[in-house]
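Reader: I am new to this structure and would be grateful for a guided introduction. May I put some questions about its strands and its charged side chains?

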Amino acid sequence: MTSRRAVDLIQRLARPARAGHAGTLDPLATGVLVVCLGAATRLIEYVQRMPKRYRGTFLLGRMSPTEDIEGEVTELPGAPIPTVEQIAAAAGRFVGRIAQRPPAFSALKIHGRPAYKLARQGRAVELAPRPVEIHGIEIVEYRYPELIVDVACGGGTYIRSLGRDLAESLGTAAVMSALTRTAIGRFTIETAVDPNELTADNLPRYLLPPLVAIESLPHVQLSADEVTHIRYGQTVDWAGRPLDVSLQPLAVSPCGEEIPEIVALDPSGEFIGILALDAAGHLRTLRNMPT
C-alpha cells in the first residue's frame, strides 16, 4: 500500500476533515505512517522532526540504480565478504551527524521536478550531500549476502543510501531488499493499525490528541484574557515568568533568527496554538488552532 492510498482510506472515513501524512514511505517499505486529521495537519512538520527507527534488510555484493531491488540488480563479481566484526566497526563510523548523498530515485526535486522522474528518463541525477543524524546502527542478523540492521535516525535520512555507503566503506556494494519503519517518536508499530481495518465506527478509537505531536515542546498555560489576545494576533508579555525554552527544535523567523517554539494551553488545558518567544520576552502567535 502506498502512503497516498493509506491517507485516501482514512480521508473517506473522516470527511469533511482533511487528512495528510507526516512522511512518505518508499514503495518497497512498510511500517508506521502518522496521519493527521483536520486542524492537526498544521502539526505535520513537528511529527516529521521526530526521531525515527527502521529495520532494513540489505543484500551485499549487489548494486542497482535505485539502490534497492526495485531496480535492475547486478551482482558484483568477486565481491569481498566482510565479517560481522568488520560491518559493526564500519557502522560505528556512520553514527553521528554525517553528510549523506540522497538516491537519484527519490522524491527530492531538481528545478521543480522529482529526481526519480528525471532518473527514469535516463538523465544523470546527482543530488548534493546533505546533513543527516544517525543515532545508532545495530546489526540484527547477518548471513551473507543478507544483512539486517536496526537504525535510529533523524528526519530526512535515506536508509537505502546508508546501506550503500556502509557497503562502499567495506569495499563492496549493497541493495535494500526490505524496509520497515518501526517508530516515529512515540508512534510505534506495536500501537499502529492497518488502514484496511478502519471503519467509520472504530476510527475515533484510534485518534490521538494533537498535543501528542508536540509534547516535547515547552508548554505555557494562559489566562482567558491572554488567550483572547493570542486569538486576535496580539502579543502576551511573558518577561520574568518561568519558561524552559532549552528544548529543540527552534522555529526560524522571516529574518532568519532562531526562536523558541512554545505550546499554548487555555485555562482548561486545551491546546490553542504554537507561540514564539521573542528577545523582549513577548509571546506571539506562530500558528493558531481553531476553536
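Author: The following questions and answers concern a predicted model.

Reader: How many residues of strand β18 are buried?

Author: Strand β18 covers residues 271-277 and is mostly covered. A residue counts as buried under 20% relative accessible area. In β18, the number of residues that are buried is seven of seven.

Reader: Which residue of β19 stands opposite L275?

Author: Strand β18 pairs with strand β19, residues 282-288, in the antiparallel sense over five bridges. Four residues lie between the strands of this hairpin, where G281 takes a positive phi near 85°. In β19, the residue opposite L275 is T285.

Reader: Why can R4 and D8 meet in a salt bridge, and at what N to O distance?

Author: Side chains of opposite charge can pair when their charged atoms come close. R4 and D8 are four residues apart in helix α1, residues 3-14, and so are separated by about one helical turn. R4 is partly exposed at 46% relative accessible area, and D8 is partly exposed at 30%. The N to O distance in their salt bridge is 3.1 Å.

Reader: Which residues are linked with E45 and R49 in a network of salt bridges?

Author: The structure holds 13 salt bridges. In one of them, the side chains of E45 and R49 meet at 3.0 Å, N to O. E45 is partly exposed, with a relative accessible area of 32%, and R49 is partly exposed at 32%. The residues linked with E45 and R49 in the network are E261 and R287.

Methods:
Residues are numbered from 1 along each chain as its sequence is written. This is a predicted model: local features need pLDDT of at least 70, side-chain atom pairs count only at pLDDT 80 or more; totals for chains, interfaces and linings use all residues. Side-chain values use heavy atoms; hydrogens and water are left out. Buried means under 20% relative accessible area, exposed over 50%, partly exposed in between (1.4 Å probe, protein chains only). Helices (H or I, at least four residues) and strands (E, at least two) are DSSP runs, numbered from the N terminus. Two strands pair if DSSP finds at least two bridges between them. A salt bridge is a side-chain nitrogen of Lys or Arg within 4 Å of a carboxyl oxygen of Asp or Glu.
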